[in-house]
Amino acid sequence: MIYIDGDSLIGFEKERLDYDYVLTSSVAKCPEISVDKDETQNVSITVPRVTGMVRIEVTPEFGDKNVYKININYPQSNNSKLASILVDGLQIEGWNRDITDYRLKIEGEDIPVVSYEQDDDKQTVVVETNNITGDTKFIVKAENGDVTIYNVTFERVKSSIATLNDIKV
């Protein structure tokens with residue numbers, strides 16, 4: 001039997017050599033691995049620092065050795081969606097995290113400030129902004145590598161005003 005932190009490895013079968021074990025996200029080191037062995041067996045256990053492959057070599061007095069492997073890993077978030085995209089501090093009208101392309105009409109010459117709110121603290125967000133148009137791309141990468149790309153494009157509203165406010169002489 002193989003034990004992980006004192007508990008029996010779920011699904012252990014002595015003929016099965018490969019296993020996967022998922023750590024809880026709060027764990028900062030590899031769990032303690034121990035085994036039940038016959039007194040005539042020599043057992044060598046190699047463990048990673050946190051995640052990776054545990055190797056348990058079991059060598060009998062006579063015959064071929066077996067190597068049990070346990071792949072230790074973290075559950076990784078697949079959330080590559082943003083909680084919100086903001087333009088000048090206000091959420092985009094009609095915001096939906098599953099819609100990735102937004103075309104917004106703006107007036108005037110000022111370039112709006114575009115920002116975001118993450119939905120998961122394990123995300124990596126790269127922001128690419130065109131300093132002339134204000135168009136912005138958010139590349140959101142989840143912990144597991146999934147990626148979502150949001151695009152915010154601005155369309156300047158052309159003025160149709162053909163009158164003057166004042167004439168000074």
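Thr 148 is buried, with a relative accessibility of 9%; buried means under 20% relative accessible area, exposed over 50%, and partly exposed in between (1.4 Å probe, protein chains only). Thr 148 belongs to strand β14. Strands (E, at least two residues) and helices (H or I, at least four) are DSSP runs, numbered from the N terminus. The model is predicted: local features need pLDDT of at least 70, side-chain atom pairs count only at pLDDT 80 or more, and totals for chains, interfaces and linings use all residues. Residues are numbered from 1 along each chain as its sequence is written, and side-chain values use heavy atoms, with hydrogens and water left out.

Not counting residues up to four places away in sequence, Thr 148 touches Ser 80, Lys 81, Thr 100, Phe 138, Ile 139 and Val 140. Contact here means heavy atoms within 4.5 Å.

Strand β14 (residues 147-156) runs parallel to β10, and six bridges join them. Two strands pair if DSSP finds at least two bridges between them. Asp 101 has Asn 151 as its bridge partner in β14. Side chains alternate along β10 (residues 101-106). Tyr 102, Leu 104 and Ile 106 point to one face and are buried.

Gln 91 lies in strand β9 (residues 90-91). Gln 91 is partly exposed, at 45% relative accessible area. Its side chain makes a polar contact of 2.9 Å with that of Ser 84. Leaving aside neighbours within four places in sequence, Gln 91 contacts Ser 84, Ile 85 and Leu 86. Gln 91 and Ser 115 are 24 residues apart in sequence, and their C-alpha atoms are 9.2 Å apart.

A further sheet is open and has three strands, in the order β2-β1-β4, with antiparallel pairing. Strands β2 (7-8) and β4 (33-35) stand at the edges, each with a single partner strand, so one side of each has no neighbour in the sheet. Two bridges link β1 (residues 2-4) to β2 in the antiparallel sense. Tyr 3 stands opposite Ser 8 in β2.

Notes
A polar contact is a pair of N or O atoms within 3.5 Å; within protein, one must be able to donate a hydrogen and the other to accept it, and residues adjacent in sequence count only if both atoms are side-chain atoms.
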